[in-house]
Amino acid sequence: MYDYDLLVVGSANADLVIGVERRPAAGETVLGGDLAVHPGGKGGNQAVAAARLGARTALLARVGDDAHGRLLLDAQRAAGVDTAGVLVGGAPTGVALITVDPSGDNSIVVSPGANARLAPADVRSAADLVRAARVVSVQLEIPLETVVEVVRNLSPDSRFVLNPSPPRPLPDEVLAVCDPLIVNEHEARVLLGGACEGDDPADWARLLLARGPRSVVVTLGAAGALVCDGSGVSRVPAPKVAAVDTTGAGDAFTAALAVGLGSGASLADAAAHAARVGAVAVTRRGAQESYPTLAEVEAL
């Protein structure tokens, strides 16, 4: 019996968001709207998204002993996330600088701060927490060696979900347990490098699966997603909505997919549910505050 449906191991950032008419080119200055500060980070986002959907969720992360760190902890607890695994101190809380244009598209620069201090030793100290989760979801806004340590401490029956963002080469030891590896189009191209030929995401999914993961999901924004495993590639559509802000939508998708898999859904069904969760999220501004409850998803 697992204590948690989902453990998220990853980053927790303060999102500093400015709306702009258009994102600046190199060397250009543009005027934006008022600065808004929101709790974020790919790890923090996924934990809140999962808890909002009713999953028993825990977070293993590191924040600074500062106002941003307190903001993040308060947001996690308010959503119902177990924060016993959140470590405090070692560096200032990570910060993401985000510009959002009128179409809802965003550009993000991250200062990792305390996230870069989430070390393999922290994972070993929290090994009981890692093994207590049915599904473990990780991203790459924390050190890669820490991700490797998570893999080494998984329960034999746990499912490992990885969103390699920001993308970087992955060791075979990590790829071999990804079920699924979740990438957007940019991340797929980076991971495949010179092997990425053509513009068909289905081909990218097959090439990524050949690298060793047990399954692959390629997210396609408003076009939905592709799921790929040993049985082939299938497309999952997304509901048509009027997007106002895509910040954190990929994290909502990943969290919802992980929760679905943990409840026993097939990869395709979990991805279809995740696409609906992501669709609700993009109709609202911000990241964590945009994440829906299960009732709101069902209403869509």
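**Terms and their grounds**

Modeller: This is a predicted model. By class, the lining of the second largest pocket has 10 nonpolar residues, three polar ones and no charged ones.

Biologist: Which residues lie closest to the centre of the second largest pocket, and how many line it?

Modeller: The second largest pocket has a volume of about 190 Å³. It is lined by 13 residues, and Ile18, Val20, Leu97, Ile98 and Thr99 are the closest to its centre. Strand 2 (13-19), strand 6 (94-100) and strand 7 (106-111) each give two or more residues to this lining.

Biologist: What makes a space a cavity and not a pocket?

Modeller: In a cavity a 1.4 Å probe fits but cannot get out, whereas a pocket is open. The structure holds one cavity of 30 Å³ or more. The largest cavity has a volume of about 30 Å³, and its lining consists of Ala12, Leu59, Val63, Leu72, Leu73, Gln76 and Val86. Strand 4 (57-63) and helix 2 (67-79) each give two or more residues to that lining, and the largest share, three residues, comes from helix 2.

Biologist: Why are the buried residues of helix 8 said to line one face?

Modeller: A residue is called buried when its relative accessible area is under 20%. In helix 8 (residues 201-210), the buried residues are Pro201, Ala202, Trp204, Ala205, Leu208 and Leu209. Seen down the axis of helix 8, these residues fall within an arc of 155°, so they line one face of the helix. Residues three or four places apart in an α-helix point the same way, because there are 3.6 residues a turn. The cover over the buried residues of helix 8 includes strand 10 (178-184), helix 7 (185-192) and strand 11 (216-219).

Biologist: How do you know that the buried residues of helix 7 line one face?

Modeller: The buried residues of helix 7 are Glu187, Ala188, Leu191 and Leu192. Down the axis of helix 7 they fall within an arc of 125°, so they line one face of the helix. Strand 9 (159-163), strand 10 and helix 8 are among what covers them.

Biologist: What makes Asn184 a cap of helix 7?

Modeller: A side-chain oxygen of Asn184 lies 3.2 Å from the backbone nitrogen of His186, at the N-terminal end of helix 7. The cut-off for a polar contact is 3.5 Å, and the distance of 3.2 Å is within it. At the start of helix 8, a side-chain oxygen of Asp200 comes to within 3.0 Å of the backbone nitrogen of Ala202.

Methods
Residues are numbered from 1 along each chain as its sequence is written. This is a predicted model: local features need pLDDT of at least 70, side-chain atom pairs count only at pLDDT 80 or more; totals for chains, interfaces and linings use all residues. Side-chain values use heavy atoms; hydrogens and water are left out. On a 1 Å grid over the protein atoms alone, a cavity is a set of points where a 1.4 Å probe fits but cannot get out, and a pocket is an open set with protein on both sides within 12 Å along at least five of seven lines; lining residues have an atom within 4 Å of a point. Grid points are joined across faces, edges and corners, and a volume is the space filled by probe spheres set on the points. Helices (H or I, at least four residues) and strands (E, at least two) are DSSP runs, numbered from the N terminus. Ala, Val, Leu, Ile, Met, Phe, Trp, Tyr, Cys and Pro count as nonpolar, Asp, Glu, Lys and Arg as charged, and the others, Gly among them, as polar. Buried means under 20% relative accessible area, exposed over 50%, partly exposed in between (1.4 Å probe, protein chains only). The arc is that of the directions from the helix axis to the C-beta atoms. Contact means heavy atoms within 4.5 Å. A polar contact is a pair of N or O atoms within 3.5 Å; within protein, one must be able to donate a hydrogen and the other to accept it, and residues adjacent in sequence count only if both atoms are side-chain atoms.
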